[in-house]
Amino acid sequence: MIRTQNLTRYITPLREGGSLPALAEADDSFRYAVKLKGAGHGAKSLISELIGGMVAKAFKFKVPEHVFLNLSPLFGITEPDREIQDLLRKSEGLNIGLHFLDGAMTFDPSVNTLDSLTASKIVWLDSFLTNVDRSRLNPNMMIWHNELWLIDHGASLYFHHSGKDPEVAAKDPFPYIKNHVLLPQAEKLEEADKLMRQAITPRTLEKIVRLLPDEWLIEEGAEKTPDEIREGYNIFLTRRLAGSHVFVEKAIEERKNQVNI
């Protein structure tokens, strides 16, 4: 289950960029890093965040709590920045937030080290999700209370931006894994593949996909119903799990090219 709260205070944008996430407070008095559906790729980035984050949690990675966040028409009306005001108005309704890790530090591959199996599992996860955004420049990993936390899965499932058939997309070897910050350390990808395949079931993936709100799946002119769209994501994930050897072999190949094995 995912909690639903109401946003009460806009604090600040977290960084520049197309998605323009915001730091905001909700009516539970907690602060959240909020993904707004009015930005960038719209609700698709929220879908990617929810599925990607919940899949990571299912694999027992540490991920900040995900919360559905309602944004009312009155939220942020005193915000002086016109661009942010436009973003907020386009984002009225249901958005998603991650519990803000106050005081967390960005993972630095030159300072922070991971064992090769953990690195391999994270590379496997991002290959599975087709997450293009865990690079050396933007690792989307944080150190909080001396533990590694994975954040920001909004760049996962990139196939849904092209309208590619889910069954076809599931067979993608994912060459972008060559840019992964942990690939050089991922010496145990075959072992990770066995462990990760045992750690999740198609039933769990189906439950995660069911969490997607109808509001995010209803697009103007869309020919499919929300349930049909959910089924597309379910097909992608279950087929990709069954054929994991395709992206694992590609990751091994790209790692060999980098470390000259």
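Contact between α5 and α9 (heavy atoms within 4.5 Å) brings Leu189, Glu190, Asp193 and Arg197 of α5 up against Ser244, Val248, Ala251 and Ile252 of α9. Sorted by class, that makes four nonpolar, one polar and three charged residues. This is a predicted model, with local features needing pLDDT of at least 70 and side-chain atom pairs pLDDT 80 or more, while totals for chains, interfaces and linings use all residues. Residues are numbered from 1 along each chain, and side-chain values use heavy atoms, leaving out hydrogens and water.

Helix α5 covers residues 189-199 and α9 residues 244-259, and their axes sit 10 Å apart at an angle of about 155 degrees. The two therefore count as roughly antiparallel (over 145 degrees).

Then there's α8, residues 226-242. Most of α8 is tucked away: twelve of the 17 residues are buried (under 20% relative accessible area, 1.4 Å probe, protein chains only). Among them are Tyr233, Asn234, Phe236, Leu237, Arg240 and Leu241.

Four residues on that buried list, Phe236, Leu237, Arg240 and Leu241, turn up again where α8 meets α3 (residues 116-129), whose axis comes within 10 Å of that of α8 and crosses at roughly 135 degrees. From the α3 side, Trp124, Ser127, Phe128 and Leu129 make the contact. By class, this one has six nonpolar, one polar and one charged residues.

Note on methods: Axes are lines fitted to C-alpha atoms, for helices over the stretch in contact, and angles run from 0 to 180 degrees between N-to-C directions. Angles under 35 degrees count as roughly parallel, over 145 as roughly antiparallel, 65 to 115 as roughly perpendicular and the rest as oblique. Ala, Val, Leu, Ile, Met, Phe, Trp, Tyr, Cys and Pro count as nonpolar, Asp, Glu, Lys and Arg as charged, and the others, Gly among them, as polar. Buried means under 20% relative accessible area, exposed over 50%, partly exposed in between (1.4 Å probe, protein chains only).
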